[in-house]
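Subject: Structure for you to look at

Dear colleague,

I am passing on the structure that we spoke about, and my notes on it follow. Please open the structure first and keep it beside you while you read.

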Amino acid sequence: MHSALADEYRRLCRDTAAHQPLAYLRLRRAIRNVIEHRAIEPGQTLPSERDLAQTLSLSRVTVRKAIAGLVEEGVLTQRHGAGTFVAERIIKPMSRLTSFTEDLRARGLDPRSEFFERDVGEVTPEESMALNLSPGVQVVRLHRVRYAGDEPLAIERTVVPASVLPDPMLVHDSLYEALETRGCRPRRALQRLRAVLLGARHARLLHVPPGSAGLNIERRAFLDDGRVVEFTTSWYRGDIYDFVAELQTD
Ligand code: 16G
């Protein structure tokens, strides 16, 4: 049994400030915390359901429920007969509107950005169509390479109406954190994803050979009142990311 996980679970049981009355949510938090602190690393196995249930005096149903939530979020993966692992590839559920920073932190990785461009200017005709803006209004543009520690994972070009975010310097690490602070975090998004071969420039920035597989993703994200808050074009590395969607019949 992984002692860091048992210790973390017991700590959360004692921690009245982080009071979490439901055992499966407490266990989910404990697993998440040990992954974030790299006490269990990507690719390593989680203790078995039976071990967890015995050591923590929980029912198997509770343990299963805690794990199922993290599998759904892509933090853990299960291989039939082999157990539950901390995901190595970054598995991104398409049904959740999360940010790069949140996705990486949830996996114990260290999100970082390098900015090429962070300025304000007049909207171009293409941007005004994507953002539903009238010609002549001001927009903020961010062009960044997104890293996990020293490893580049994606390139992103983002345009946000200046009426929502007046100053690009308000974005330090996370755009969504800056939008959240202003009460403008998007609630809904439309995303288009297509396979591409990365050209020489993108490949160089992402530290992969030219012609490597990539994912070109466009996201238009909306506020509750229907205003478009973000138009982002991203190039994600195809060798690291899995985008997963849950499908249901009508
Ligand atoms: C993700 C989004 C991107 C968004 C960014 C915000 C995809 C394909 N793209 O990378 O549209 O702008 O997160 O992340 O998921 P941040 O808050 O860390 O800046």
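In these notes Ala, Val, Leu, Ile, Met, Phe, Trp, Tyr, Cys and Pro count as nonpolar, Asp, Glu, Lys and Arg count as charged, and the others, Gly among them, count as polar. A cavity is a set of points, on a 1 Å grid over the protein atoms alone, where a 1.4 Å probe fits but cannot get out, and its lining residues have an atom within 4 Å of a point.

This is a predicted model, in which local features need pLDDT of at least 70 and side-chain atom pairs count only at pLDDT 80 or more, whereas totals for chains, interfaces and linings use all residues. Residues are numbered from 1 along each chain as its sequence is written, and side-chain values use heavy atoms, with hydrogens and water left out.

The structure holds 1 cavity of 30 Å³ or more, and the volume of the largest cavity is about 220 Å³, a volume being the space filled by probe spheres set on the points, which are joined across faces, edges and corners. Its lining has 21 residues, with Phe100, Glu156, Arg219, Glu230 and Tyr236 nearest the centre, and by class it divides into 6 nonpolar, 8 polar and 7 charged residues. Among the helices (H or I, at least four residues) and strands (E, at least two), which are DSSP runs numbered from the N terminus, β9 gives the most to this lining, with 4 residues.

The ligand takes up the space of the largest cavity, where a molecule counts as sitting if more than half of its atoms lie within 2 Å of the grid points. Around the ligand are 16 residues, each with a heavy atom within 4 Å of it, and they comprise 5 nonpolar, 4 polar and 7 charged residues.

For polar contacts (pairs of N or O atoms within 3.5 Å), an N or O atom in the side chain of Ser174 lies 2.5 Å from an oxygen atom of the ligand, and a polar side-chain atom of Arg144 lies 3.0 Å from a ligand oxygen atom.

Best wishes

Methods
Polar contact = N/O pair within 3.5 Å; in protein donor to acceptor, adjacent residues only side chain to side chain. 1 Å grid on protein atoms, 1.4 Å probe; cavity = no way out; pocket = protein on both sides within 12 Å on 5 of 7 lines; lining within 4 Å.
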